[in-house]
Amino acid sequence: MTAEIFVPFWGDPALLFDTVDSVRAMNDQDWRLIILDDCYPDESVPTYFDRLADDRVEYIRNERNLGITDNYREAIRRATADHITILGCDDLVHPNYLSVVRRTLQAVPHADVVQPGVVVIDEAGRSIRPLVDRVKGGLLAPKGGSGIAVLTGEAMATSLIRGDWLYWPSLTFRAETLRRIDFRDGLPIIQDLALLMDIAFQGGTLAYNPEVAFSYRRHGGSASQKTLLDGRRFRDERTYYAEAYRLARSQRWKRTARAARLRAMSRLHGVAELPAVIRHGNRAGVESTIAHIFAV
């Protein structure tokens, strides 16, 4: 079936155009690409799509700015395929991306979420390996050689709450799962982890294929970096970890509850980011990071 790839857009038009080019260069050409422009103030964007002349690419400009969470919901509302990808507007799929996803779903047809192998790039597209990504790949991601790792329910929840090793824009989801399990309001910075945990709490399945098929871009101007510097990310993390602890206890998932209460990797992330927050962040960012490290 034709794959559907949505790109909620608010950001750098040049990086968006690179994202579109990467989709068009995939080996598997059975796809539709839908751009959801959240009223970004740059006329070069609609002009680019007017001139693109590719019937597989649909450009939609929202009537009003929805914000990141509701623009994701708009993608899910518009989905018609069994599985969808909600691609970041500055990330790149590799030519084999769809092939890897389709092979993974053939092997694990009941999977709610598929995670392919990912490399990390900077603003200029150069491969980089920041500490957070070395930890994700070296310590947190499931091991198992070149085979597909399958995590369901408590195993999935425990793995993710120990440390979120997934890369949200690279994921392909079962569309029905996203229609059934909505994003949580009030957690815009870590809505991805909260949604994935809710999938796990409802007995969902994650399939991880380590074959590299995606480039995730990290850069100083990204939304995630800004929320580290002003304190919002760690504040939201503390809020959600407390909720995950409550949910895990209600389901008698002892390993998940213990990991949520300790949040060891999340605390270590705070330690690693503290020097940069002190140098480049504001007072709220410093206070939030310190609280995240030491709060019980």
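Colleague: Hi! How are α1 and α2 oriented to each other, roughly parallel or roughly antiparallel?

Modeller: Hello! This is a predicted model, so everything I say is about that model. In it, α1 and α2 are roughly parallel to each other. Helix α1 covers residues 13–24 and helix α2 covers residues 44–52, and their axes cross at roughly 25 degrees. That counts as roughly parallel because the angle is under 35 degrees.

Colleague: How many Å apart do the axes of α1 and α2 come?

Modeller: They come within 10 Å. The crossing of α1 past α2 is right-handed.

Colleague: Which residues in α1 and α2 meet?

Modeller: From α1 you have P13, L16, F17, V20, D21 and R24. Facing them in α2 are S44, V45, Y48, F49 and L52. By type, the contact of α1 with α2 divides into eight nonpolar residues, one polar and two charged.

Colleague: R24 sits in that list. What does the side chain of R24 meet in a salt bridge?

Modeller: R24 pairs with D54, at 2.9 Å from N to O. This pair links distant parts of the chain, as R24 is in helix α1 while D54 is in the loop between α2 and β3, 30 residues apart.

Colleague: Is D54 buried or exposed?

Modeller: D54 counts as buried, at 11% relative accessibility. R24 is partly exposed, with a relative accessible area of 31%.

Colleague: How many salt bridges does the count come to?

Modeller: The count comes to 24 salt bridges. As background, side chains of opposite charge can pair when their charged atoms come close.

Colleague: Let's look at another one. What does D198 form a salt bridge with?

Modeller: D198 pairs with R184, and their closest N and O atoms are 2.8 Å apart. Here too distant parts of the chain are linked: D198 belongs to helix α8, and R184 to the loop between α7 and α8, 14 residues apart. D198 is buried at 10% relative accessibility, whereas R184 is partly exposed at 25%.

Colleague: And where do E287 and R283 lie?

Modeller: Both are in helix α13, four residues apart, which is about one turn of the helix. R283 is exposed, with a relative accessible area of 68%, and E287 is partly exposed, with 44%.

Colleague: Which residues are linked in a network of salt bridges?

Modeller: D70, R73, D182 and D185 are linked that way.

Colleague: Back to helices. At what angle do α10 and α12 pack?

Modeller: The angle is about 170 degrees, and the axes are 11 Å apart. That makes α10 roughly antiparallel to α12. On the α10 side the contact is made by R233, F234, E237 and Y241, and on the α12 side by S266, H269, G270 and E273. Those residues divide into two nonpolar, three polar and three charged.

Colleague: One last residue. Where does Q191 lie?

Modeller: Q191 lies in helix α8, the helix that also holds D198. Q191 is buried, with a relative accessible area of 4%.

Colleague: What does Q191 touch, not counting residues up to four places away in sequence?

Modeller: Leaving those out, Q191 touches I68, T69, Y72 and F183.

Colleague: And how many Å lie between Q191 and W168, C-alpha to C-alpha?

Modeller: They are 9.9 Å apart in space, C-alpha to C-alpha, and 23 residues apart in sequence.

Technical notes: Residues are numbered from 1 along each chain as its sequence is written. This is a predicted model: local features need pLDDT of at least 70, side-chain atom pairs count only at pLDDT 80 or more; totals for chains, interfaces and linings use all residues. Side-chain values use heavy atoms; hydrogens and water are left out. Axes are lines fitted to C-alpha atoms, for helices over the stretch in contact, and angles run from 0 to 180 degrees between N-to-C directions. Helices (H or I, at least four residues) and strands (E, at least two) are DSSP runs, numbered from the N terminus. Angles under 35 degrees count as roughly parallel, over 145 as roughly antiparallel, 65 to 115 as roughly perpendicular and the rest as oblique. Contact means heavy atoms within 4.5 Å. Ala, Val, Leu, Ile, Met, Phe, Trp, Tyr, Cys and Pro count as nonpolar, Asp, Glu, Lys and Arg as charged, and the others, Gly among them, as polar. A crossing is left-handed if the near helix is turned anticlockwise from the far one by less than a right angle, and right-handed if clockwise. A salt bridge is a side-chain nitrogen of Lys or Arg within 4 Å of a carboxyl oxygen of Asp or Glu. Buried means under 20% relative accessible area, exposed over 50%, partly exposed in between (1.4 Å probe, protein chains only).
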